Amino acid sequence: RIEEYGRCTGANIRLQYVDGGEDEMGSALIQDVGENDDETTGQGIYDAYIVQAPWLPPVYKGLKSLSTYIKDNNDYIDFMDINQASRSAVSFEGEVRALPLDTDYISLGWRQDVFGNPDIKEAYKSSWGEELKVPDTIEEMVVIGERLNGRHDFNNDGEMDWGFCLTPQTNYFQAFLAPVLQTHLHECEKTEDGYKCLGADTGQNMFFDVNNFEPLIHNDGYRHAVEMYTRFIMASNCQVQTAAGVKCDRKTAFPTGRCAGVISMPGTMTNLLRENGKYTIPPEKRMDYVLEPGEYWGRRKVFPGSRKVINWNKEGRPLEDCQGSVCPLAKDGINYAPFFAEGGESYALNGRQSKPAATDAMWDMFTWLATLPVGEVPLAGTYRKSQLTDEAIGRLAEQWDNPVMAQDLHDLLLEYFRSEEEGGNVVQDLFIIGFPQYNEALDTELHDNLVLQDVEKGGLFNMEEPRKSIDPVKNKADFDLRYDRFIASLAQRYEDVHARQDGGGLNQLDLWRGALDIHPTKSKEEICQDLLATDHENFDKLGCLDIVQLKDLCQSQESDVEEYSPGTCKVDNNNSTIIISVLFGIVGVGLMGGVVYYLYKRYENYQRIQKAHEQLMEATLNESVRALYQLDYPLHLIRGDEFVEEGKLMRHEVLRNTHKLTVLDSLPDVDAFVAAGKHVLFFSHQWTSFTVPDPSSHQYECMCHAVKDLAMRNGWGESLKDVFVWVDYSCIPQANPSTQNLAIRSLAAYASSATYFVIVAPDTPHADLDDICDLDTYQRRMWCRAEQVCHSMRNGTEGMYLAVGKNVAVEPVRRDFFAESLHVFNGELTCCRLEHKGMGACDRQSLVIPLLGLYGELLRASHEMEREIGNADAIHSVNAFLSEIEKHQEEVFPRTFKRTMWRKNRRLTEEVLLFGDLIDRMKARISSGVGFEIDKESVGTLSTKASETFVRHGASDFLRHGVVHGSGAHGGVQIESAVGAMDNKL
């Protein structure tokens with residue numbers, strides 16, 4: 001292909017093979033590209049590379065990001081046509097670093113001439129009372145292999161043959177492990193047709209726990225997989241080859257005709273089953289005479305699943321039957337989890353030292369190769385969904401001259417290429433730095449020291465008489481003893497691998513969470529904070545004391561810090577100095593001097609802690625002010641007519657990709673937008689499912705009705721093109737947790753900047769609970785109350801409406817509606833309902849800064865109006881808010897709150913600081929006239945005077961310091977404030 005490309009383009013491309021072959025290519029890649037965080041490493045000899053996914057983690061930062069290339073050439077690349085597992089394997093930190101042209105997975109090959117042989121079938125049923133069938137589960141595959149082993153002649157030589165054949169490798173063991181350990185990657189909701197799993201990440205995988213990086217080997221599921229794998233091997237080709245001192249190898253065993261089936265990767269599987277294939281069984285060693293017309297002896301199918309899975313939601317993760325919510329993607333009680341081992345071949349570009357002309361030439365070649373059909377690209381197999389069409393499979397059948405094999409491949413990959421949205425359950429390989437070392441550790445302990453080690457040396461295999469090898473069922477006690485030793489040794493080997501990597505286990509955990517794309521993302525500091533609250537053993541093991549300072553956590557996690565290190569958060573009381581007078585008469589001058597010095601140092605330490613506390617409080621006050629004037633994430637809106645046309649609430653990313661979102665980058669932009677005659681409707685609602693906001697669309701219908709109703713009342717026009725909607729699911733990122741968190745931090749600014757605020761609360765059944773969601777349940781939710789308060793504290797209640805039905809007119813909320821909403825922290829939270837399992841903080845704590853800032857601005861406005869002539873109604877409304885807050889300050893702004901958490905499987909309730917004395921500090925700051933100054937350059941041309949910065953788009957019964965709606969778009973924009981009017985040019 002390189003020569004052909006050169007003839008067509010004139011490009012001179014040379015291919016260099018690595019000494020040592022595939023086993024050395026990973027090391028060669030590091031030598032040429034260089035390590036991720038050290039650009040001085042790497043020889044930079046080559047412009048491009050043929051790679052496999054496990055080789056990429058140490059070097060991906062030195063490979064060129066292909067995301068822009070793919071976007072610019074997607075008519076040819078069609079990246080989303082590539083199967084999800086292969087795409088994920090080459091993506092790091094949101095960037096594509098290699099272009100897949102192949103995929104690797106594990107499947108089961110089986111012989112039609114064995115499983116369809118009437119004599120074998122009859123003998124099988126006579127012996128076992130069951131029909132011989134091609135196995136659907138690993139449990140069936142093991143039992144069938146044991147029952148066929150030593151009882152039938154498959155190759156016509158008069159000698160009894162084996163069960164299935166394999167080459168003992170870690171990836172084949174992991175194919176057994178996958179359906180036992182991984183049942184669903186996302187939280188599921190029950191539907192009429194079963195389960196839909198599109199919710200939060202579960203963190204399931206088969207390697208390491210995503211919360212503490214403990215290897216997932218200390219559970220009954222792992223033992224079950226090892227037992228199945230051991231029994232499978234003992235009835236395989238290994239009983240002869242290993243005993244003879246030669247490599248147990250499917251490539252040499254299968255051609256003998258002694259195997260009823262085989263497990264293998266795709267390329268080798270084709271060579272095992274295809275007529276005249278490199279490792280196939282010759283006709284004289286088969287039983288083709290039993291085949292019907294149109295049948296073929298060599299078949300392949302999806303690797304078997306499991307009827308036994310671990311329950312991730314129970315302590316110890318016990319092994320249970322695959323059923324119900326434990327196994328939501330099951331088919332007929334079987335959990336399937338196809339393992340995409342290693343990921344297949346991909347092409348990558350040198351991102352550090354390649355010349356632009358060379359990069360362009362290589363990319364053009366990659367693009368060309370991506371357009372070629374199956375069988376015409378070296379190293380490439382079927383890896384695209386489009387390669388499973390009838391036309392594509394027809395071409396493959398013609399190329400192979402075998403329609404049965406082509407159809408088998410189609411049926412297998414149709415299952416393997418299912419995305420998560422389609423109910424797929426693909427298992428990812430361990431794509432992190434250290435992959436070869438982790439793999440070697442497992443291979444050594446599992447194969448060399450346990451399954452294939454001689455019983456005399458502590459293993460399970462009897463070299464002298466293989467049939468007397470230790471059976472996990474018949475010799476359970478002996479097996480358990482050796483198994484426990486294997487687990488202990490494997491755990492230690494994994495620890496040793498962690499320690500050899502830069503950053504140790506904590507850095508490996510961070511990389512593993514990234515490789516699995518776990519949401520929400522966590523920094524190393526956040527991981528350690530959660531471990532401090534839940535798991536002291538792994539807090540120590542991962543070296544978290546090198547990442548976090550315990551004293552810095554005394555404000556947010558005092559009880560956690562004190563439990564871990566008693567006395568760390570204790571503030572010394574300098575009143576102890578009163579003992580000086582007593583001691584002076586008792587002890588000598590020297591001792592007295594020592595005591596004085598000691599007490600002085602304690603006092604000095606106390607002063608230092610006090611100073612740090614003061615600095616923290618001042619920083620919190622400053623941050624609360626900054627948050628009022630700056631968006632951490634732009635405001636996204638959907639135009640009213642397009643919102644109504646969508647037919648349901650649309651996910652943010654769908655609207656973004658179809659260019660249906662209007663983006664406002666700053667609060668001054670929002671003001672200007674409204675000044676131009678646009679109307680922003682903020683829809684506040686509760687989710688009626690755990691995974692999607694509005695499965696019944698009842699709330700969406702109310703929203704559409706509200707848009708039209710308000711437009712008609714206010715004369716905005718039927719086109720709705722001047723109306724813009726904000727609703728969480730459509731306007732906050734859902735796929736990227738980092739940007740999602742930024743948007744959530746800006747939620748208070750979004751709500752307070754809207755011209756209208758509509759509470760959407762029709763009576764709607766909750767999809768996952770036996771509850772009705774209505775206005776009462778809405779008003780009980782803390783986040784719903786918070787949104788109301790953020791709007792009403794800046795804008796009053798005149799622009800707030802209530803929508804409770806698609807055929808019911810929207811109604812203004814009561815004038816005193818804010819009084820109930822002010823009690824934000826009495827509301828209900830999901831994190832509290834779940835008792836903060838695996839969490840380090842409560843959502844209540846995230847609302848301190850925005851609400852503190854709003855309160856400060858409200859208080860300041862009142863002080864300013866006392867000195868200036870302003871709107872009497874506005875003054876009354878502001879003071880009404882402040883009066884309500886003053887009467888219930890301890891409820892509206894609690895100093896502390898009770899948080900229930902789980903530590904070491906114990907349920908604990910503790911008192912945690914919330915506002916503390918921040919409200920008193922804010923009052924003092926406002927009274928003294930200190931500190932609402934904002935950096936104009938960083939946040940726009942915002943005045944620091946209350947009369948210009950308080951409520952942007954408020955109502956007539958409240959203080960209005962925003963744009964007067966309906967002002968002419970072509971003239972000056974009138975700004976109405978408490979001190980009169982002024983003209984600005986838009």
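Which residues in helix 7 meet which residues in helix 8? To find out in this predicted model, select residues 118–128, which form helix 7, together with residues 138–148, which form helix 8. On the helix 7 side you will find Ile-120, Tyr-124 and Trp-128, and these meet Ile-144, Arg-147 and Leu-148 in helix 8. Sorted by class, the residues of this contact comprise five nonpolar, no polar and one charged. If you then display the axes, the two helices pack at an angle of about 105 degrees, with 11 Å between their axes. Because angles of 65 to 115 degrees count as roughly perpendicular, that is how helix 7 stands to helix 8.

Next, select residues 390–400 for helix 15 and residues 403–416 for helix 16, whose axes come within 8 Å and cross at roughly 140 degrees. Helix 15 and helix 16 are therefore oblique to each other, and their crossing is right-handed. Show the side chains here: helix 15 contributes Ile-393, Leu-396, Ala-397 and Trp-400, while helix 16 brings Pro-403, Met-405, Ala-406, Gln-407, Leu-409 and His-410 to the contact. Taken by class, the contact of helix 15 with helix 16 has eight nonpolar and two polar residues, with no charged ones.

For the last stop, move to strand 7, residues 186–191, and pick out Cys-188. With its neighbours within four places in sequence set aside, Cys-188 is in contact with Tyr-195, Lys-196, Cys-197 and Pro-328.

How values were computed. Residues are numbered from 1 along each chain as its sequence is written. This is a predicted model: local features need pLDDT of at least 70, side-chain atom pairs count only at pLDDT 80 or more; totals for chains, interfaces and linings use all residues. Side-chain values use heavy atoms; hydrogens and water are left out. Axes are lines fitted to C-alpha atoms, for helices over the stretch in contact, and angles run from 0 to 180 degrees between N-to-C directions. Helices (H or I, at least four residues) and strands (E, at least two) are DSSP runs, numbered from the N terminus. Angles under 35 degrees count as roughly parallel, over 145 as roughly antiparallel, 65 to 115 as roughly perpendicular and the rest as oblique. Contact means heavy atoms within 4.5 Å. Ala, Val, Leu, Ile, Met, Phe, Trp, Tyr, Cys and Pro count as nonpolar, Asp, Glu, Lys and Arg as charged, and the others, Gly among them, as polar. A crossing is left-handed if the near helix is turned anticlockwise from the far one by less than a right angle, and right-handed if clockwise.
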